[in-house]
Amino acid sequence: MVSGETMVRDLQFGIARGSELGGVMDVGYLPDMFGHVAQMPQLLQLAGFEHAVVWRGVPAVVEQTAFWWEAPDGSRVRAEYLYGSYSNGRDLPEDAKRLVLRARDYEHELGPARVRDMLLMNGTDHQMPQPWLGRVVAEANAQQDEYEFAVTSLPEYLADQPSEGLVTVAGELRSGARANLLMGVGSNRVDVHRACARAERSLEKRAEPLSTLFVPAEQYPHAPADIAWRKLVLNSAHDSSCACSSDEVVDQVLVRYYEARQIGDGLTHDAMRALAGQVNAPPGATVVANPTARARSGLVDARIPGTGPCHFTGPDGEAHPTQLLDEVGGDGFHTMVTGQKVRWVIDMMRGTEFAGRQIHAYDVLDVDGAGDQHDIVLHEARGTDERVDLTELKERMLALGEAGHTMRLRLQIAPVRHVLFDTGEIDGFGWSSFTAVDGPIPAIPASAGAITGAVARGNELSNEHLSITVDPADGTYAIETAGGLRVEGCGRLVDDGDGGDTYNYSPPDDDVVVDRPDAVRVDTPESGPVRARVTIEADYTWPAFAIGDVRACSRRSDETVRATVRTTLELRPGERFLRVAHEVDNHARDHRLRAHFPLPRQVEGSHAECAFAVVKRGLTAEGGVHEFGLPTFPSRRFVDASDGTAGLALIHDGLLEYEVIDDGRALALTLLRAVGFLSRLEPQLRPNPAGPPDPLEGPQLLGSQRAEYAVLLHPGDWRAADCYGAADAFLVPFERTRLAARSDAGRPRAGAALRVDGAEVSAVQRVPGGIVVRVFRTAADAGPVTLEHEGLPSRGFVVDLRGRPVSSFEGEVQLRPFEIATLRLTVGS
């Protein structure tokens, strides 16, 4: 549910805090997660842990109380499987003889699954320790010699357990064979998943790298960044990140995510201000930064003083395509005050500024010759206009107020053009500066190989890579690539009932599926050339709720609600994917809404991004007697379904659930799942409760809902499609700031502060004495990762997750397939 980087910081915070309190248990105790990421064994190894303890997710192939758990890079830990549950010793008897009988019963229950000793966890949720435990253990040992009982710790117990002959399980643990995995948590409270992803991106992809690279080391914001990360870590508890909690608890989870994101946004703003002071550029220039590792182009939203056509020029004077969205100006703030009430208006004046706007000039006029009524007009400064100090005006207005006069004050806003411009390629972890120029963009000769731009006409969209055609009958669309790959019927919205709860989807016994709209309207709000958009408004009739109770649901109601889903399709120059946004005012309860996509080839499974890895999954999921194996899987940022020659990937905002359906011929993405109980008692796909049977309102997701994703139709597999690069381009926009005055600082108008090639980047952060760059390799073969900082090959140390040096490096580091490496660059502190 949370990013790999959040897992790392959680582990690091825990180790640091445990050390402060006297010591750390070097065991990965993971008993109650609703599934485990494939790279967890490697993360534990990087922290110096040799053991894990798990309960949920263990597959049927494990037939003993221990197994080897292996990560994609080959790292492995010995995993102790808590047979029965993580509270298999929660209610040990107070009598020694009965304790012996309990041990005998447990030995019989384990049978051949017992490796050697038996581990009983004396505790459970919300239970205090049993105070007689030490006495009963001592009495039991004194009375018999069949068993030797010991109250111990996990490190002490695991150090003595055998590891020979154990089965090896590779990758993620997502089986429901031995314990409920609770497979529906990935689609519960999608609003929480979006808030989580945005907060994590704000820190990982924006605030930390930009602050590290452009804020002086002595000014690095360690304290606010630490506060934000701790809020994310607090939310990474499984019932918090999965939102399987009461409405009040989930409200607080959202608050922590919002606060973390806002801190990240503020640090990003400060870092961009710092960068602006370092770039040699003229006044009014717009400085744009790429906070991700790949060189790429992007769109920048800007507001430029003046009216009429304009465009931007880059560092070398080259013209960049610009699209005018709107022009604003004229009358702004206005009010009328009499007498002493003028003081609240005067309080809005600071030096040359009124209400946050710089003032160029002002007029004080009498109204129709009346001596006690006055018009005061403030003219906002534009561009390089001189500013006027408002001290004299404040004194005059105060005098008029004391005389009891009436003043009508107006702020005349300078005309401003709201535009979008295409930056062209900016280096990874780099910047470029742009200057606004009045007048249309000069014609670019065809021989220059210029991007043709994005175009929307009627029900069609196109750029140099894609052509999109909307079917006005049902609101679906066809996508065709420049290479001739084509799929039709994309984006079909399918609504069905959900009689489940926050833990599991479960259809009503008698379901009603709605997969066609009642009416469709198509419009073209933006025709290009920088951004082209087509909107689809589709009206649906959905059942209002499902009929049932705390136990289960029998059918969807005959009562209906009307729902209009507004879908925006967007193309930009140079992008190989289609951007999609859905908006709906949801008034239906107990339902699931998914978007379906036919695939260009029939597939045997999927590849989805997980923490520090891409995991391969089949068309089925392993269940058990307590939970049906439903093949709905979580995806961190993207999922790809391909046969190696062609495929379709979905890149999405916030962790979402997907399913490959129709025997490998289509891909379904869950946009929302609305339910009314924390846990039902006997839903169709899980015959037992998973938590308290509390009715809830929050998971119904009533009101305005929005989902955003991109559709990438491509030849080859997910690597050939560069899904990691597409995810960054879709989810991490460029940052911008504007120079108020000319800067003659040392950085050129364009450049890069850090270059990383050969691996994905998870973190760039400042530490005492240097910079930490965490990378991971996604290739199936070994290879180097190369680093340059400020144009020079980097040197430093490979360190573990506790910061301990492992080896030194200079310029590059060799990585195993799927290896995670933390590199501490030695730079000026």
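A residue counts as buried under 20% relative accessible area, exposed over 50% and partly exposed in between, with a 1.4 Å probe and protein chains only. The model is a predicted one, so local features need pLDDT of at least 70 and side-chain atom pairs count only at pLDDT 80 or more, while totals for chains, interfaces and linings use all residues. Residues are numbered from 1 along each chain as its sequence is written, and side-chain values use heavy atoms, leaving out hydrogens and water.

Helices (H or I, at least four residues) and strands (E, at least two) are DSSP runs, numbered from the N terminus. Glycine 165 falls in the loop between helix H5 (154-159) and S5.

Leucine 182 is not a glycine, yet its phi is positive, near 65°. This residue lies in the loop between strand S5 (168-170) and helix H6 (190-214), and it is buried at a relative accessible area of 2%. Phenylalanine 429 does something along those lines, with a positive phi of about 50° in a residue that is not a glycine. The loop in question runs between strand S15 (406-422) and strand S16 (430-438), and phenylalanine 429 counts as buried at 3% relative accessibility. There is also a cis peptide bond, joining glycine 528 and proline 529 with omega at about 10°. Proline 529 belongs to the loop between strand S23 (519-527) and strand S24 (532-543).

Strand pairing comes next; two strands pair if DSSP finds at least two bridges between them. S13 (residues 357-367) and S14 (residues 370-380) are antiparallel partners over eight bridges, and isoleucine 359 stands opposite glutamate 380 in S14. Their hairpin has two residues between the strands, and aspartate 368 takes a positive phi near 50° there. S14 also pairs with S15, in the parallel sense and over seven bridges, with valine 377 opposite arginine 410 in S15.

As for rings, those of Phe, Tyr and Trp (its six-membered ring) pair if their centres lie within 6.5 Å; planes under 30 degrees apart count as stacked, over 60 as edge-to-face and the rest as tilted. Searching the whole structure turns up 17 aromatic pairs. In one of them, phenylalanine 214 and tryptophan 431 have ring centres 5.9 Å apart and planes at 90°, so the pair is edge-to-face. This pair links distant parts of the chain, 217 residues apart: phenylalanine 214 in helix H6 and tryptophan 431 in strand S16. Phenylalanine 214 is buried at 2%, and tryptophan 431 is buried at 3%. Elsewhere, ring pairs tie Phe612, Phe638, Trp718, Tyr724 and Phe776 into a cluster.

A charge sits over a ring if NZ of Lys or CZ of Arg is within 6 Å of the ring centre and within 35 degrees of the ring normal. Arginine 76 does this with tryptophan 68, its charged end being 3.8 Å from the ring centre. Arginine 230 lies over the face of phenylalanine 13, 4.1 Å from the ring centre.

Finally, histidine 591 is part of strand S29 (residues 591-598) and is buried, at a relative accessible area of 0%. Leaving aside residues up to four places away in sequence, its contacts (heavy atoms within 4.5 Å) include Asp495, Asp496, Trp542, Arg556 and Arg673.
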